[in-house]
Amino acid sequence: MRAEALAELHAACFTTPRPWNEAEFRDLMRSPGTFLLNENRGFLLGRVIAGEAELLTLAVDPKARRNGTGRALVERFAQEAEALGAESAFLEVSAENDAARALYAATGWKESGRRKGYYRSPEGDRIDALVLTLPLARATS
């Protein structure tokens, strides 16, 4: 997927946190350790640095949700991160994003922290981010 297509899909999926623009996607994809996974009208952007993986963003077309795309991307993320040498992974998710929180819980992620007021809604409200972590199989083998 091109940066333009990523930005368009991201904008269809997010208001909080704010959607990323084409330049931000282009810059992220050029940074070391970053990888992109595509799956049936969805994508996941992740990176691995110094043995730790970060799930940067996950976006699935709102018209294609609830068909396993998000789960498939999260599971592929863990496999790819481990293959790239990560022993653990983390992400941040809006405390108000119930669907994403349910997906991450179902795929083994656990809450490890909270960033108070981390996100700002379009109306200006401050929203907490939950920090979730996932141990990877490499760490337990």
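Are Tyr 104 and Trp 109 buried or exposed? In this predicted model, Tyr 104 is buried, as is Trp 109, where buried denotes under 20% relative accessible area, exposed over 50%, and partly exposed the range in between (1.4 Å probe, protein chains only). Because the model is predicted, local features require pLDDT of at least 70 and side-chain atom pairs count only at pLDDT 80 or more, while totals for chains, interfaces and linings use all residues. Residues are numbered from 1 along each chain as its sequence is written, and side-chain values use heavy atoms, with hydrogens and water left out.

Aromatic pairs were assigned for rings of Phe, Tyr and Trp (its six-membered ring) with centres within 6.5 Å; planes under 30 degrees apart count as stacked, over 60 as edge-to-face and the rest as tilted. Ring pairs join Tyr 104 and Trp 109 with Phe 35 and Phe 77 in a cluster.

An edge-to-face pair is also formed by Tyr 118 and Tyr 119, at 5.0 Å centre to centre and 75° between the planes. Tyr 118 has a relative accessible area of 40% and is therefore partly exposed, whereas Tyr 119, at 9% relative accessibility, is buried. The charged end of Arg 115 sits over the ring of Tyr 118, 5.7 Å from its centre; this assignment requires NZ of Lys or CZ of Arg within 6 Å of the ring centre and within 35 degrees of the ring normal.
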